[in-house]
Amino acid sequence: WVGTSSGLNRFHPDTGAFERYVHDDKDDQSIASDGIRDLHVDITGNLWIATANGLDRLSMGGKRFIHYRHNPTFSKSLSEDDVLSIYEDRGGILWVGTWGGGVNKYDRSNDYFAYYRNDPQNKNSLSDNVIVSIYSDSEGYAWVGTAGEGLNRLTRSTGQVVQYRNDENRPHSIISDTIYSMDEDQNRYL
């Protein structure tokens, strides 16, 4: 699967051809947007697609896209339609980063979302609501990277957040507040 600024593609190695999936205003089961930001195949084989117009799910072998969008009348809908990142942790929980809506945690059994957001009045919240990267480490912490407001470590069981920010007066602080990606090595260093 290949996401581009002009749609989604599936590569067929036997023929060398790309099958294209593009948005069609006349077809509500077509992909939500042609601007693909991130892709993830989950443990059940579904393809999740982050777009500027919501989160889409495509069952393997299917041609029909299921759309997840923000619905202001339903508090457990996607928090924001502008989706930037998708991550699935070891427990099969799908995490979705948005532009302005914070982090969404998808509940598969109930088909709804829970949110983690920035609250300027609460230091125990995310440092920002623009989320470009998400990672879950071997100890079970969810790490959330923002587009200019630092790195956050989220304790999933309690919802407690620790913020890590660049501080020019502290040479051992994180080098930048824009966090594009994260991973853990064999020694468990992030």
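Strands in this report are DSSP runs of E with at least two residues, and they are numbered from the N terminus. The model is predicted, so local features need pLDDT of at least 70 and side-chain atom pairs count only at pLDDT 80 or more, while totals for chains, interfaces and linings use all residues. Residues are numbered from 1 along each chain as its sequence is written, and side-chain values use heavy atoms, with hydrogens and water left out.

**Backbone and exposure**

Arg188 lies in the segment after β15, and Asp111 sits in the loop between β10 (103–107) and β11 (112–116). Most residues other than glycine have a negative phi.

| Residue | Phi |
|---|---|
| Asp111 | positive, about 60 degrees |
| Arg188 | positive, about 70 degrees |

Exposure is judged by relative accessible area: buried means under 20%, exposed over 50%, and partly exposed in between, with a 1.4 Å probe and protein chains only. Arg188 is exposed at 54%, and Asp111 is partly exposed at 42%. Glu19, a residue of strand β3 (residues 17–21), is buried, with a relative accessible area of 17%. The Glu19 side chain makes a polar contact with the side chain of His12 at 3.0 Å. Such a contact is a pair of N or O atoms within 3.5 Å; within protein, one must be able to donate a hydrogen and the other to accept it, and residues adjacent in sequence count only if both atoms are side-chain atoms.

**The sheet**

Four strands form an open sheet in the order β12-β13-β14-β15, with antiparallel pairing. Two strands pair if DSSP finds at least two bridges between them. β12 (131–136) and β15 (161–164) are the edge strands with a single partner each, so one side of each has no neighbour in the sheet. Strand β14 (residues 151–154) is joined to β15 by 4 bridges, and Leu154 has Val161 in β15 as its bridge partner.

**The largest pocket**

A pocket is an open set of points on a 1 Å grid over the protein atoms alone where a 1.4 Å probe fits, with protein on both sides within 12 Å along at least five of seven lines; lining residues have an atom within 4 Å of a point. The largest pocket has a volume of about 250 Å³, the volume being the space filled by probe spheres set on the points. Its lining includes Trp143, Leu151, Tyr164, Arg165, Arg170 and His172. By class, the lining has 7 nonpolar, 3 polar and 2 charged residues. Ala, Val, Leu, Ile, Met, Phe, Trp, Tyr, Cys and Pro count as nonpolar, Asp, Glu, Lys and Arg as charged, and the others, Gly among them, as polar.
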